[in-house]
Amino acid sequence: MLKIENLHVRVAGKEILKGLSLEVKAGQVHAIMGPNGAGKSTLGNVLAGREGYEVTQGSVVYAGKNLLELEPEERAAAGVFLAFQYPVEIPGVNNTYFLRTALNAQRKHRGEAELDSMQFLKRVREKLAVLHLKDELLHRAVNEGFSGGEKKRNEIFQMALLEPRLAILDETDSGLDIDALKMVADGVNAMRSPDRAFLVVTHYQRLLDYIVPDVVHVLADGRIVETGDASLAPKLEEHGYAWVAERKLAGAA
Amino acid sequence: MGAALLEEFGRGDARAREESWRYSKMALRALAQQEFVAADANAELPETLRTQFDWPATRRRRVVVVNGAVSERYSDLADVGAMVTVGETGGTYAVRIDGKIDEPMQIVYVSIPSAQPSRWQTNTSMVIVNGFVTLIEQHVSLDGAGVLGASRRRIDIGEGARLDLVSLCDLPESMSLYRLLDVHLAAKATLHATHVLLGGRMQRLDMQVELAGEQARLESRGVFALRGRAHADTQLDVRHVARDTTCDILWRGVADQRARGIFHGAITVAEGADGSDAKLSNKNLLLSALAEIDTQPVLEIYADEVKAAHGATVGQIDERALFYLRSRGIPLADARRMMVTAFCREVLDGITDVDLRNRLAGLLVPHVDGASA
């Protein structure tokens with residue numbers, strides 16, 4: 001579904017990703033762990049199409065297409081979703097209106113019929129019920145005045161509603177208490193399916209106790225330095241990222 | 001510069017006039033160099049203009065002013081009731097209101113271009129002795145040879161009375177308009193004014209409000225949304241004269257392409273006007289590198305025990321928010337339109353009539369087209 005080869009990315013003139021390669025198959029959950037500054041968030045932003053990230057080398061193929069050529073909205077319509085590490089507050093734009101506009105824009109782009117407000121609300125209620133969310137947050141402006149936890153829940157709610165094929169969670173667990181963390185994990189687990197993939201970017205192992213990944217990668221200094229199964233995460237937690245760096249040096253020698 | 005026009009539209013001494021027209025000097029000079037004939041007060045009202053203001057809710061509570069003159073033919077005051085009296089004295093059209101009027105009244109200024117550039121002027125006065133009234137004011141025109149209008153209005157709001165004014169000025173590129181709104185509020189009187197300024201070759205709004213009686217209150221909301229070469233200049237001059245008076249001013253501005261917007265908000269709290277509360281917030285969005293917005297909040301306080309807060313900003317569209325919307329599948333142009341409309345809509349929140357509010361919001365949309373950068 002997603003194939004990244006030898007990706008080099010510069011941000012403000014500084015090389016952040018230095019030859020990252022990664023392949024995610026449909027149905028899989030990949031976790032990307034790594035120390036601060038390793039390039040984790042850069043990866044998410046590049047995949048979603050944020051400006052200011054200059055790809056100097058390498059390729060990203062998603063569902064047979066060159067992802068890097070697409071505008072952010074085209075990527076969304078093609079099924080790519082980024083749950084933001086810092087969701088943006090948009091005063092004056094009602095959450096429901098925003099979600100309906102987004103969903104219908106995606107459907108229109110894909111040549112599907114747009115949902116009227118009744119159909120849309122029905123879908124919203126279904127998703128709210130699955131995620132145990134209150135509909136109160138729908139009546140407010142997008143993320144405005146939301147607590148950190150509410151913002152992250154809103155990201156997961158948007159993901160549930162938009163039903164992407166590739167969901168990238170950029171440190172969605174940061175700053176969450178255990179209940180919110182479980183809710184995020186439940187949301188992801190409920191959506192796991194053979195034709196959907198997840199890229200879970202995280203600094204800590206904690207989230208991976210609830211979302212058990214198929215593959216765990218360690219990202220350090222702009223490259224994947226270690227790949228393993230779910231058991232890699234607790235090892236990292238135990239030994240710290242320095243352990244990976246040492247192994248890498250030992251391997252190089 | 002256009003000395004004669006400056007004389008006509010300016011207020012205060014020569015220096016004050018020069019200063020207040022600083023940002024619109026060029027626009028005024030260009031007007032001064034043009035020849036205008038007197039506009040035809042008996043011009044036929046085109047159907048396209050009628051549809052712009054013909055709201056069923058105000059059909060029989062409506063004054064229509066054609067090219068500066070009150071039109072008997074198009075006005076209809078059948079349903080205003082005994083609490084409203086109208087008349088004309090010395091060239092001033094006068095409206096007097098004494099009592100609570102549940103349905104809104106409407107005053108429409110229609111500018112119909114002639115074959116050559118034309119101009120009109122009008123003076124109105126309004127006295128609200130007591131009670132409450134909602135007045136919807138509208139300026140409509142057609143593109144053509146160009147019209148220069150000048151409207152001066154004095155409003156007196158009596159003790160405990162309230163006026164809700166909703167003023168919509170949606171002008172074609174060839175129309176210029178000078179408006180003076182001079183409001184005096186007695187004790188416990190309230191003015192809630194919402195101004196929407198769209199388009200225009202040059203539109204200038206001078207709004208001076210005197211909070212003359214204790215506990216008088218002004219809530220001023222406004223927005224200009226400008227594209228093309230539109231030019232809008234708003235000058236607010238609020239004076240707290242009596243004790244415990246309040247003003248709450250919230251204005252927004254958006255300029256795209258080569259448009260020019262000016263907001264000058266002056267609040268003066270006179271000596272002895274203790275316990276006054278003055279608030280001014282002005283935020284602006286520049287949507288193009290060639291557009292310009294100038295904002296100037298001015299606060300002068302000569303009293304003790306005053307609460308005052310003011311702030312003004314000129315910024316650009318939040319790129320992070322734009323990316324957030326796009327990352328959810330909303331195309332760039334729609335995302336921009338969504339954000340700019342939301343930015344402008346805030347000033348309409350105080351309008352309690354939902355139909356009216358939605359109608360105004362709908363009018364904003366074509367002026368905040370997301371396509372241009």
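Reply: Let's start with contact, which here means heavy atoms within 4.5 Å. Among contacts in chain B between residues at least 6 apart in sequence, 81% join residues at least 24 apart.

A bit of housekeeping: this is a predicted model, where local features need pLDDT of at least 70 and side-chain atom pairs count only at pLDDT 80 or more, while totals for chains, interfaces and linings use all residues. Residues are numbered from 1 along each chain as its sequence is written, chains are lettered from A and ligands numbered from 1 in the order in which they are written, and side-chain values use heavy atoms, with hydrogens and water left out.

The part I'd pick is helix α5(B), residues 319-327. Helices (H or I, at least four residues) and strands (E, at least two) are DSSP runs, numbered from the N terminus. Seven of the nine residues of α5(B) are buried, so the rest of the structure largely encloses this helix. Buried means under 20% relative accessible area, exposed over 50%, and partly exposed in between (1.4 Å probe, protein chains only). The buried set runs through Ala321(B), Leu322(B), Phe323(B), Tyr324(B), Leu325(B), Arg326(B) and Ser327(B). At the start of the helix, a side-chain oxygen of Asp318(B) comes to within 3.0 Å of the backbone nitrogen of Arg320(B). After the helix comes Gly329(B), with a positive phi near 110°.

Arg326(B) takes us over to chain A: its side chain forms a salt bridge with that of Glu73(A), at 2.7 Å from N to O. A salt bridge is a side-chain nitrogen of Lys or Arg within 4 Å of a carboxyl oxygen of Asp or Glu. There are three salt bridges between chain A and chain B. On the chain A side, the elements giving two or more residues are α1 (40-48), α2 (72-77), β6 (80-83), β7 (90-94), α3 (95-109) and α5 (148-162). α3(A) gives the most, with six residues. Overall, 31 residues of chain A and 16 residues of chain B take part in the contact. Together the two chains bury about 1,900 Å², 68% of it on carbon and sulfur atoms; buried area is the accessible area (1.4 Å probe) lost when two parts are put together, summed over both.

Now for the rest of chain B, which has seven helices and 20 strands. Its radius of gyration is 20 Å, close to the 21 Å that the globule rule gives for 373 residues, so chain B is as compact as a globular protein of that length. That radius is taken over C-alpha atoms, and the rule is 2.2 Å times the number of residues to the power 0.38. The C-alpha trace spans about 60 × 55 × 45 Å along its principal axes, and 56% of the 373 residues count as buried.

One joins Asp54(B) and Arg59(B) at 3.0 Å, N to O; Asp54(B) is partly exposed at 22%, and so is Arg59(B) at 41%. Another pairs Asp274(B) with Arg243(B) at 3.9 Å. That one links distant parts of the chain, 31 residues apart: Asp274(B) sits in the loop between β17 (260-269) and β18 (277-286), Arg243(B) in the loop between β15 (231-240) and β16 (246-255). Asp274(B) is buried at 16% relative accessibility, whereas Arg243(B) is partly exposed at 39%. Finally, salt bridges with shared partners tie Arg11(B), Arg204(B), Asp206(B) and Asp233(B) into one network.

Key: A polar contact is a pair of N or O atoms within 3.5 Å; within protein, one must be able to donate a hydrogen and the other to accept it, and residues adjacent in sequence count only if both atoms are side-chain atoms.
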